[in-house]
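Me: Could you walk me through some local features of this model, one question at a time?

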Amino acid sequence: MSKAAAARPTTGKPALGASTSSSGSSLSKTVEFYQELNNQKQLCNFLRSRQGPKLREAVCMGQRVYYIKGEKLVDFLHEPKKGTKWPKKMPRFENRQEVLLTCKNLCKDQFIVRADKVGKGELELSTVRSFDEAGFFVWVYEGDKTKMYLMTGALIVCALLMALQPVWPMYIRVFVWYLAVTFLLFVFGLVITRALLFLFVWIVGYEFWFLPNLFDETLGFYESFVPVFSFEPTKPGQLWIRLSVGVAFFSFCYWAVTQPSEFDVFVQGQGDFLKDLYAGNLLSDMSQQDKENIDKPRMQSLEDLLKSLEDDEDEFTENIQPKRVDDEEEEEAKLEDLLENLVDKEEVVLSDEE
(Lines give C-alpha, C1' and ligand atoms only; values in the text may rest on other atoms or scores of the structure.)
Protein backbone atom coordinates (compact mmCIF):
# COMPACT_ATOMS: atom_id res chain seq x y z
CA MET A 1 0.00 0.00 0.00
CA SER A 2 1.36 3.44 -0.94
CA LYS A 3 1.89 6.26 1.54
CA ALA A 4 -0.90 8.28 -0.08
CA ALA A 5 -3.33 5.41 0.36
CA ALA A 6 -2.20 4.91 3.93
CA ALA A 7 -2.64 8.58 4.70
CA ARG A 8 -6.11 8.72 3.04
CA PRO A 9 -8.89 8.77 5.69
CA THR A 10 -11.27 5.83 5.67
CA THR A 11 -14.98 5.77 6.40
CA GLY A 12 -14.71 3.44 9.39
CA LYS A 13 -15.12 4.34 13.03
CA PRO A 14 -11.41 5.06 13.71
CA ALA A 15 -11.51 7.88 11.15
CA LEU A 16 -14.67 9.23 12.70
CA GLY A 17 -13.07 9.16 16.11
CA ALA A 18 -10.00 10.98 14.84
CA SER A 19 -12.10 13.63 13.12
CA THR A 20 -14.27 13.95 16.19
CA SER A 21 -11.31 14.66 18.40
CA SER A 22 -10.11 17.39 16.05
CA SER A 23 -13.43 19.07 15.19
CA GLY A 24 -15.65 18.50 18.19
CA SER A 25 -18.92 16.68 18.81
CA SER A 26 -20.85 18.45 16.00
CA LEU A 27 -18.78 16.65 13.36
CA SER A 28 -19.56 13.20 14.70
CA LYS A 29 -23.28 13.94 15.04
CA THR A 30 -23.62 15.15 11.44
CA VAL A 31 -21.57 12.34 9.94
CA GLU A 32 -23.20 9.68 12.09
CA PHE A 33 -26.61 11.01 11.06
CA TYR A 34 -25.78 10.49 7.38
CA GLN A 35 -24.32 7.06 8.01
CA GLU A 36 -27.79 5.61 8.50
CA LEU A 37 -29.33 4.17 5.34
CA ASN A 38 -32.65 6.04 5.52
CA ASN A 39 -30.87 9.35 6.11
CA GLN A 40 -28.57 8.66 3.18
CA LYS A 41 -31.62 8.09 0.99
CA GLN A 42 -33.11 11.38 2.17
CA LEU A 43 -29.87 13.17 1.31
CA CYS A 44 -29.74 11.53 -2.13
CA ASN A 45 -33.39 12.37 -2.79
CA PHE A 46 -32.57 16.00 -2.03
CA LEU A 47 -29.51 15.93 -4.29
CA ARG A 48 -31.51 14.36 -7.15
CA SER A 49 -34.38 16.85 -6.79
CA ARG A 50 -34.74 20.24 -8.47
CA GLN A 51 -33.11 21.86 -5.44
CA GLY A 52 -29.96 19.79 -5.92
CA PRO A 53 -26.84 20.57 -7.94
CA LYS A 54 -26.92 20.65 -11.72
CA LEU A 55 -26.24 17.25 -13.25
CA ARG A 56 -24.90 16.31 -16.66
CA GLU A 57 -25.95 13.48 -18.93
CA ALA A 58 -23.67 10.93 -20.53
CA VAL A 59 -23.63 7.35 -21.80
CA CYS A 60 -22.06 4.70 -19.60
CA MET A 61 -22.14 0.99 -20.48
CA GLY A 62 -24.74 1.66 -23.16
CA GLN A 63 -27.13 3.46 -20.79
CA ARG A 64 -27.90 7.13 -20.31
CA VAL A 65 -26.78 8.24 -16.85
CA TYR A 66 -26.43 11.41 -14.78
CA TYR A 67 -23.09 12.35 -13.35
CA ILE A 68 -21.42 15.15 -11.39
CA LYS A 69 -17.89 16.11 -10.58
CA GLY A 70 -16.79 15.40 -7.00
CA GLU A 71 -15.70 18.99 -6.38
CA LYS A 72 -19.08 20.42 -7.39
CA LEU A 73 -20.86 17.92 -5.14
CA VAL A 74 -18.69 18.88 -2.17
CA ASP A 75 -19.09 22.60 -2.86
CA PHE A 76 -22.87 22.28 -3.05
CA LEU A 77 -23.15 20.33 0.21
CA HIS A 78 -20.80 22.71 2.00
CA GLU A 79 -22.28 25.93 0.63
CA PRO A 80 -25.55 25.39 -1.27
CA LYS A 81 -26.40 27.77 -4.06
CA LYS A 82 -28.49 30.81 -3.26
CA GLY A 83 -32.19 30.08 -2.98
CA THR A 84 -31.75 26.41 -2.13
CA LYS A 85 -34.33 25.13 0.37
CA TRP A 86 -32.47 22.74 2.62
CA PRO A 87 -34.76 20.11 4.23
CA LYS A 88 -35.57 20.95 7.83
CA LYS A 89 -35.14 17.38 9.06
CA MET A 90 -31.60 17.14 7.71
CA PRO A 91 -28.66 18.79 9.53
CA ARG A 92 -26.37 21.12 7.60
CA PHE A 93 -22.66 20.49 7.14
CA GLU A 94 -20.38 22.86 9.03
CA ASN A 95 -17.11 22.20 7.18
CA ARG A 96 -15.72 20.42 4.13
CA GLN A 97 -14.34 17.56 6.24
CA GLU A 98 -17.86 16.49 7.17
CA VAL A 99 -18.89 16.67 3.51
CA LEU A 100 -15.91 14.58 2.39
CA LEU A 101 -16.64 11.87 4.93
CA THR A 102 -20.32 11.76 3.94
CA CYS A 103 -19.47 11.61 0.22
CA LYS A 104 -17.07 8.75 0.91
CA ASN A 105 -19.86 6.91 2.67
CA LEU A 106 -22.17 7.48 -0.31
CA CYS A 107 -19.49 6.14 -2.62
CA LYS A 108 -18.82 3.18 -0.33
CA ASP A 109 -22.52 2.26 -0.17
CA GLN A 110 -22.70 2.63 -3.99
CA PHE A 111 -25.17 5.45 -4.14
CA ILE A 112 -22.64 6.94 -6.55
CA VAL A 113 -19.81 5.22 -8.43
CA ARG A 114 -16.66 6.71 -9.87
CA ALA A 115 -16.22 6.90 -13.63
CA ASP A 116 -13.67 8.17 -16.14
CA LYS A 117 -14.30 10.19 -19.27
CA VAL A 118 -13.41 8.35 -22.49
CA GLY A 119 -14.94 10.77 -24.98
CA LYS A 120 -17.47 13.50 -25.46
CA GLY A 121 -20.55 12.43 -23.56
CA GLU A 122 -19.14 8.96 -22.80
CA LEU A 123 -18.05 7.49 -19.49
CA GLU A 124 -16.73 4.17 -18.27
CA LEU A 125 -16.57 2.81 -14.75
CA SER A 126 -13.26 3.49 -13.04
CA THR A 127 -11.16 0.87 -11.32
CA VAL A 128 -10.66 3.36 -8.46
CA ARG A 129 -13.61 3.18 -6.09
CA SER A 130 -12.67 5.84 -3.52
CA PHE A 131 -14.13 9.33 -3.49
CA ASP A 132 -12.00 12.17 -4.82
CA GLU A 133 -12.98 15.75 -5.62
CA ALA A 134 -11.18 15.56 -8.97
CA GLY A 135 -13.15 12.52 -10.15
CA PHE A 136 -16.51 12.12 -11.86
CA PHE A 137 -19.30 10.19 -10.17
CA VAL A 138 -22.32 8.54 -11.75
CA TRP A 139 -25.59 8.37 -9.86
CA VAL A 140 -26.65 4.77 -9.24
CA TYR A 141 -29.42 5.72 -6.83
CA GLU A 142 -32.53 6.66 -8.83
CA GLY A 143 -34.46 8.17 -5.95
CA ASP A 144 -37.97 7.47 -4.76
CA LYS A 145 -39.77 5.57 -7.52
CA THR A 146 -43.29 6.11 -6.20
CA LYS A 147 -43.86 9.03 -8.54
CA MET A 148 -42.44 7.07 -11.47
CA TYR A 149 -44.73 4.12 -10.74
CA LEU A 150 -47.77 6.41 -10.54
CA MET A 151 -46.86 8.09 -13.80
CA THR A 152 -46.31 4.72 -15.49
CA GLY A 153 -49.71 3.52 -14.29
CA ALA A 154 -51.35 6.71 -15.50
CA LEU A 155 -49.64 6.28 -18.89
CA ILE A 156 -50.97 2.73 -19.20
CA VAL A 157 -54.49 3.85 -18.27
CA CYS A 158 -54.34 6.66 -20.83
CA ALA A 159 -53.16 4.22 -23.50
CA LEU A 160 -56.08 1.89 -22.75
CA LEU A 161 -58.55 4.78 -22.85
CA MET A 162 -57.17 5.91 -26.20
CA ALA A 163 -57.50 2.36 -27.54
CA LEU A 164 -61.18 2.40 -26.53
CA GLN A 165 -61.79 5.69 -28.34
CA PRO A 166 -64.26 4.20 -30.90
CA VAL A 167 -66.72 3.33 -28.11
CA TRP A 168 -66.50 6.65 -26.25
CA PRO A 169 -69.74 8.55 -25.70
CA MET A 170 -70.19 11.41 -28.11
CA TYR A 171 -69.86 14.14 -25.47
CA ILE A 172 -66.43 12.82 -24.41
CA ARG A 173 -65.28 12.63 -28.02
CA VAL A 174 -66.42 16.20 -28.63
CA PHE A 175 -64.68 17.41 -25.44
CA VAL A 176 -61.42 15.69 -26.37
CA TRP A 177 -61.71 17.04 -29.89
CA TYR A 178 -62.12 20.63 -28.67
CA LEU A 179 -59.26 20.16 -26.20
CA ALA A 180 -56.92 18.75 -28.85
CA VAL A 181 -57.80 21.44 -31.39
CA THR A 182 -57.29 24.20 -28.83
CA PHE A 183 -53.93 22.79 -27.75
CA LEU A 184 -52.81 22.43 -31.38
CA LEU A 185 -53.77 26.01 -32.19
CA PHE A 186 -52.06 27.25 -29.02
CA VAL A 187 -48.79 25.48 -29.87
CA PHE A 188 -48.95 26.70 -33.46
CA GLY A 189 -49.60 30.27 -32.33
CA LEU A 190 -46.80 30.07 -29.76
CA VAL A 191 -44.30 28.90 -32.38
CA ILE A 192 -45.31 31.64 -34.82
CA THR A 193 -45.20 34.31 -32.08
CA ARG A 194 -41.73 33.21 -30.91
CA ALA A 195 -40.43 33.27 -34.47
CA LEU A 196 -41.87 36.72 -35.23
CA LEU A 197 -40.54 38.21 -31.98
CA PHE A 198 -37.10 36.80 -32.70
CA LEU A 199 -37.19 38.13 -36.28
CA PHE A 200 -38.23 41.66 -35.31
CA VAL A 201 -35.64 41.97 -32.54
CA TRP A 202 -32.93 40.23 -34.60
CA ILE A 203 -33.33 42.76 -37.40
CA VAL A 204 -32.65 45.53 -34.85
CA GLY A 205 -29.45 43.77 -33.69
CA TYR A 206 -30.38 41.53 -30.75
CA GLU A 207 -31.35 37.90 -30.28
CA PHE A 208 -34.51 37.58 -28.22
CA TRP A 209 -36.06 34.20 -27.50
CA PHE A 210 -39.18 33.61 -25.47
CA LEU A 211 -38.72 30.27 -23.65
CA PRO A 212 -35.42 29.51 -25.40
CA ASN A 213 -35.22 25.92 -24.07
CA LEU A 214 -38.80 25.00 -24.96
CA PHE A 215 -37.84 22.48 -27.66
CA ASP A 216 -34.59 21.24 -26.11
CA GLU A 217 -35.00 17.45 -25.96
CA THR A 218 -32.05 17.00 -23.59
CA LEU A 219 -33.80 18.89 -20.76
CA GLY A 220 -36.59 17.80 -18.48
CA PHE A 221 -40.10 19.20 -18.39
CA TYR A 222 -39.49 21.91 -15.80
CA GLU A 223 -36.06 22.86 -17.18
CA SER A 224 -37.61 23.49 -20.62
CA PHE A 225 -39.41 26.57 -19.24
CA VAL A 226 -36.29 28.08 -17.64
CA PRO A 227 -35.31 30.83 -18.33
CA VAL A 228 -38.44 32.61 -19.47
CA PHE A 229 -36.55 34.65 -22.08
CA SER A 230 -33.02 35.33 -23.30
CA PHE A 231 -31.77 38.65 -24.67
CA GLU A 232 -28.30 38.89 -26.21
CA PRO A 233 -26.66 41.05 -28.89
CA THR A 234 -26.14 39.46 -32.29
CA LYS A 235 -22.74 38.36 -33.53
CA PRO A 236 -20.73 40.96 -35.42
CA GLY A 237 -20.77 40.89 -39.20
CA GLN A 238 -24.51 40.23 -39.63
CA LEU A 239 -25.62 43.76 -40.48
CA TRP A 240 -26.15 43.24 -44.21
CA ILE A 241 -27.80 39.87 -43.62
CA ARG A 242 -30.22 41.43 -41.13
CA LEU A 243 -31.00 44.31 -43.48
CA SER A 244 -31.63 41.94 -46.40
CA VAL A 245 -33.94 39.73 -44.35
CA GLY A 246 -35.78 42.79 -43.02
CA VAL A 247 -36.33 44.22 -46.53
CA ALA A 248 -37.53 40.84 -47.83
CA PHE A 249 -39.91 40.29 -44.92
CA PHE A 250 -41.51 43.72 -44.99
CA SER A 251 -41.76 43.57 -48.79
CA PHE A 252 -43.68 40.33 -48.47
CA CYS A 253 -45.97 41.90 -45.86
CA TYR A 254 -46.61 44.87 -48.16
CA TRP A 255 -47.38 42.56 -51.09
CA ALA A 256 -49.78 40.50 -48.97
CA VAL A 257 -51.66 43.60 -47.81
CA THR A 258 -51.86 45.15 -51.29
CA GLN A 259 -53.32 41.98 -52.81
CA PRO A 260 -56.80 42.15 -51.25
CA SER A 261 -58.41 39.47 -53.39
CA GLU A 262 -55.84 36.72 -52.80
CA PHE A 263 -55.17 37.70 -49.20
CA ASP A 264 -58.88 37.88 -48.37
CA VAL A 265 -59.40 34.43 -49.86
CA PHE A 266 -56.55 33.10 -47.76
CA VAL A 267 -57.94 34.66 -44.57
CA GLN A 268 -61.44 33.42 -45.36
CA GLY A 269 -60.12 29.91 -45.98
CA GLN A 270 -58.31 29.86 -42.65
CA GLY A 271 -61.43 31.11 -40.90
CA ASP A 272 -63.58 28.43 -42.52
CA PHE A 273 -61.05 25.79 -41.54
CA LEU A 274 -61.14 26.90 -37.91
CA LYS A 275 -64.93 26.90 -37.96
CA ASP A 276 -64.92 23.36 -39.32
CA LEU A 277 -62.49 22.30 -36.61
CA TYR A 278 -64.60 23.61 -33.76
CA ALA A 279 -67.87 22.57 -35.40
CA GLY A 280 -66.69 18.97 -35.40
CA ASN A 281 -67.17 18.56 -39.15
CA LEU A 282 -63.98 16.51 -39.29
CA LEU A 283 -65.27 14.00 -36.74
CA SER A 284 -66.48 10.57 -37.81
CA ASP A 285 -69.94 10.69 -39.42
CA MET A 286 -70.84 7.23 -38.14
CA SER A 287 -74.07 7.25 -36.17
CA GLN A 288 -73.64 7.12 -32.42
CA GLN A 289 -76.79 5.00 -32.20
CA ASP A 290 -75.21 2.43 -34.50
CA LYS A 291 -72.17 2.25 -32.23
CA GLU A 292 -74.30 1.83 -29.13
CA ASN A 293 -76.37 -0.93 -30.80
CA ILE A 294 -73.38 -2.69 -32.32
CA ASP A 295 -73.83 -5.75 -30.06
CA LYS A 296 -77.61 -5.99 -30.42
CA PRO A 297 -79.08 -8.63 -32.82
CA ARG A 298 -80.08 -7.19 -36.16
CA MET A 299 -83.73 -8.38 -36.11
CA GLN A 300 -86.71 -6.20 -36.79
CA SER A 301 -89.32 -5.82 -34.11
CA LEU A 302 -93.01 -6.59 -34.66
CA GLU A 303 -93.81 -2.91 -35.02
CA ASP A 304 -91.12 -2.50 -37.65
CA LEU A 305 -92.41 -5.54 -39.56
CA LEU A 306 -96.02 -4.24 -39.53
CA LYS A 307 -94.85 -0.82 -40.59
CA SER A 308 -92.83 -2.28 -43.46
CA LEU A 309 -95.89 -4.32 -44.56
CA GLU A 310 -98.05 -1.21 -44.56
CA ASP A 311 -95.45 0.64 -46.57
CA ASP A 312 -95.30 -2.21 -49.08
CA GLU A 313 -99.11 -2.25 -49.43
CA ASP A 314 -99.20 1.50 -49.95
CA GLU A 315 -96.49 1.25 -52.56
CA PHE A 316 -98.32 -1.62 -54.29
CA THR A 317 -101.56 0.31 -54.31
CA GLU A 318 -99.90 3.41 -55.66
CA ASN A 319 -98.25 1.45 -58.46
CA ILE A 320 -101.22 -0.83 -59.40
CA GLN A 321 -104.20 1.57 -59.33
CA PRO A 322 -102.88 3.83 -62.11
CA LYS A 323 -102.23 0.77 -64.26
CA ARG A 324 -105.81 -0.48 -63.80
CA VAL A 325 -107.26 2.91 -64.75
CA ASP A 326 -105.09 3.04 -67.84
CA ASP A 327 -106.14 -0.47 -68.89
CA GLU A 328 -109.85 0.33 -68.56
CA GLU A 329 -109.46 3.47 -70.62
CA GLU A 330 -107.64 1.53 -73.33
CA GLU A 331 -110.39 -1.13 -73.43
CA GLU A 332 -113.13 1.52 -73.71
CA ALA A 333 -111.22 3.18 -76.52
CA LYS A 334 -110.91 -0.15 -78.37
CA LEU A 335 -114.67 -0.85 -77.99
CA GLU A 336 -115.52 2.59 -79.32
CA ASP A 337 -113.21 2.05 -82.28
CA LEU A 338 -114.79 -1.35 -82.94
CA LEU A 339 -118.32 0.06 -82.83
CA GLU A 340 -117.34 2.88 -85.14
CA ASN A 341 -115.86 0.38 -87.59
CA LEU A 342 -119.07 -1.72 -87.53
CA VAL A 343 -121.22 1.33 -88.11
CA ASP A 344 -119.04 2.38 -91.02
CA LYS A 345 -119.27 -1.11 -92.57
CA GLU A 346 -123.07 -1.17 -92.25
CA GLU A 347 -123.33 2.18 -93.95
CA VAL A 348 -121.11 0.95 -96.78
CA VAL A 349 -123.27 -2.19 -97.24
CA LEU A 350 -126.52 -0.22 -97.32
CA SER A 351 -125.13 2.17 -99.84
CA ASP A 352 -124.10 -0.74 -102.11
CA GLU A 353 -127.57 -2.31 -101.94
CA GLU A 354 -129.16 0.91 -102.95
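Me: Happy to have it open now. Which ring does the charged end of R92 sit over, and how far is it from the centre?

Reply: A charge counts as sitting over a ring if NZ of Lys or CZ of Arg is within 6 Å of the ring centre and within 35 degrees of the ring normal. The charged end of R92 is placed this way over W86, and its distance from the ring centre is 5.0 Å.

Me: Before we go on, what kind of model is this, and how is it numbered?

Reply: It is a predicted model, in which local features need pLDDT of at least 70, side-chain atom pairs count only at pLDDT 80 or more, and totals for chains, interfaces and linings use all residues. Side-chain values use heavy atoms, with hydrogens and water left out, and residues are numbered along each chain as its sequence is written, from 1.

Me: What is the geometry of the aromatic pair formed by W86 and F93?

Reply: Rings of Phe, Tyr and Trp (its six-membered ring) pair if their centres lie within 6.5 Å; planes under 30 degrees apart are stacked, over 60 edge-to-face and the rest tilted. A search of the whole structure finds 14 aromatic pairs. In the one between W86 and F93, the centres are 6.4 Å apart and the planes are at 90°, making the pair edge-to-face.

Me: Is F93 buried or exposed?

Reply: Buried means under 20% relative accessible area, exposed over 50%, and partly exposed in between (1.4 Å probe, protein chains only). F93 has a relative accessible area of 5%, so F93 is buried.

Me: Which residues do ring pairs link into a cluster?

Reply: W86, itself buried at 13% relative accessible area, belongs to this cluster. The members are F33, Y34, F46, F76, W86 and F93.

Me: Which residues does T102 touch, leaving out those up to four places away in sequence?

Reply: T102 is found in helix α6, residues 96-108 (helices are DSSP runs of H or I, at least four residues, and strands of E, at least two, numbered from the N terminus). T102 is buried, with a relative accessible area of 0%. Counting contact as heavy atoms within 4.5 Å, T102 touches Y34, L43 and F93.

Me: Is M61 buried or exposed?

Reply: M61 lies in the loop between β1 (56-60) and β2 (63-69). Its phi is near 55°, a positive value in a residue other than glycine. With a relative accessibility of 67%, M61 counts as exposed.
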